Amino acid sequence: MANSVPELGQIPGGDSQIFPLDAETIKQRVDEVLHWVDSLEDKLKQVEDFYSSIAVANSGSRHVVGVRKVQQEAARREAFAAKRMHDLMRQFGTIFRQITQHKNAWPFMHPVDVEGLGLDDYYEVIDKPMDFSTIKNQMEAKDGTGYKHVMQIYTDMRLVFENAMKYNEESSEVYTMANILLGKFEEKWAHFLPKVQEEEKIREEEEKQAAMEALLAKEASHTKTTRELNNEICNVNCELEKLRHIVVERCRKITTEEKRKIGLAFLKLSPDELQKVLGIVAQADPSFQHRAEEVSIEMDALDEPTLWRLKFFVKDALENTMKKKKKEETTKAEDWRGTQNKEVSNKRNATNKLAERSTKRTRV
């Protein structure tokens, strides 16, 4: 969380005043509070975005763990998954040996000797050359560059046969040998596949569990952020209240005539603006029934801070209404002028065309 805005400190009011409070000091303080509010709104939006993007069921039975614990658990699961996959690839080695020891395997044991065999177009036809020795080296690699999943070995094994059948004609011996080996390989793979599918199922469940734990840990973090935000918002309200009282203490009292004008201004406000007026009154008087069907505001019963807030609110509201009305009138006037100019232009064009026709008739 960001640091809270500093305390009011040496900006006291009333009898405890240490030095005269000028408008610039108050303005600076208001700017600080507004900046503080902006930062709180940013944090609150992050929290809202988080909660709007998740939908977790059975919230009552969830066990929340810390982020560090989640990371440790994820690392442990990843290590176990890697060990299981290593065992699978080791078991696959039996299939690999059976295929590579077949009598038809010899053309595929090493990379194709493209230059020696004069296969000038080989790399134009084959995008990714593959052979058994390359696969074997990848299976035995100890530097972390080897296969990570048994499906990668399966894909490369198929690629050996597919390349041979793609480059060689169907009637060739190499094509026939590749086709025979491919059939035997797929047959053995079909028996091995259930083990791979079981491992995939386990991994999928583990990933779901890891995602859930990470989500819960993040939710716990956001819950803490929410509590801190609530505390800071309370502090903001306190700061604003201090500023409000400081300003009001240095302002004159609202006159009876001003109260009357404020009440008359209410009649010019929009429904939304009236709701905000009721909200301002309700903040000062929690017992005020601002949601009742019929509401009456006793101006003489309101305290000075509330009266000044209402005075400034209606002033700003009416000014905004006037600006909006002037803008609309300006737009209408511009539209009217545009229409008039268009009509004048159309009349001028029509007159010119009539004149042209009259001239043509005269010439004829």
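This is a predicted model: local features need pLDDT of at least 70, side-chain atom pairs count only at pLDDT 80 or more; totals for chains, interfaces and linings use all residues.
Biologist: What makes Arg-84 and Glu-199 a salt bridge?

Modeller: The closest N and O atoms of Arg-84 and Glu-199 are 2.8 Å apart, and since the rule asks for a side-chain nitrogen of Lys or Arg within 4 Å of a carboxyl oxygen of Asp or Glu, the pair qualifies. This pair links distant parts of the chain, with Arg-84 in helix α2 (residues 67–100) and Glu-199 in helix α6 (residues 173–249), 115 residues apart. By this rule the count comes to 13 salt bridges.

Biologist: Why is Glu-199 called buried?

Modeller: Its relative accessibility is 5%, and buried means under 20%, so Glu-199 falls in that class. Arg-84, at 24% relative accessibility, counts as partly exposed, because that class lies between the 20% and 50% limits.

Biologist: Why are Lys-136 and Glu-140 said to be separated by about one helical turn?

Modeller: Lys-136 and Glu-140 are four residues apart in helix α4 (residues 132–140), which is why that description applies; their side chains meet in a salt bridge at 2.8 Å, N to O. Lys-136 counts as partly exposed at 39% relative accessibility, and Glu-140 as partly exposed at 44%.

Methods. Residues are numbered from 1 along each chain as its sequence is written. Side-chain values use heavy atoms; hydrogens and water are left out. Helices (H or I, at least four residues) and strands (E, at least two) are DSSP runs, numbered from the N terminus. Buried means under 20% relative accessible area, exposed over 50%, partly exposed in between (1.4 Å probe, protein chains only).
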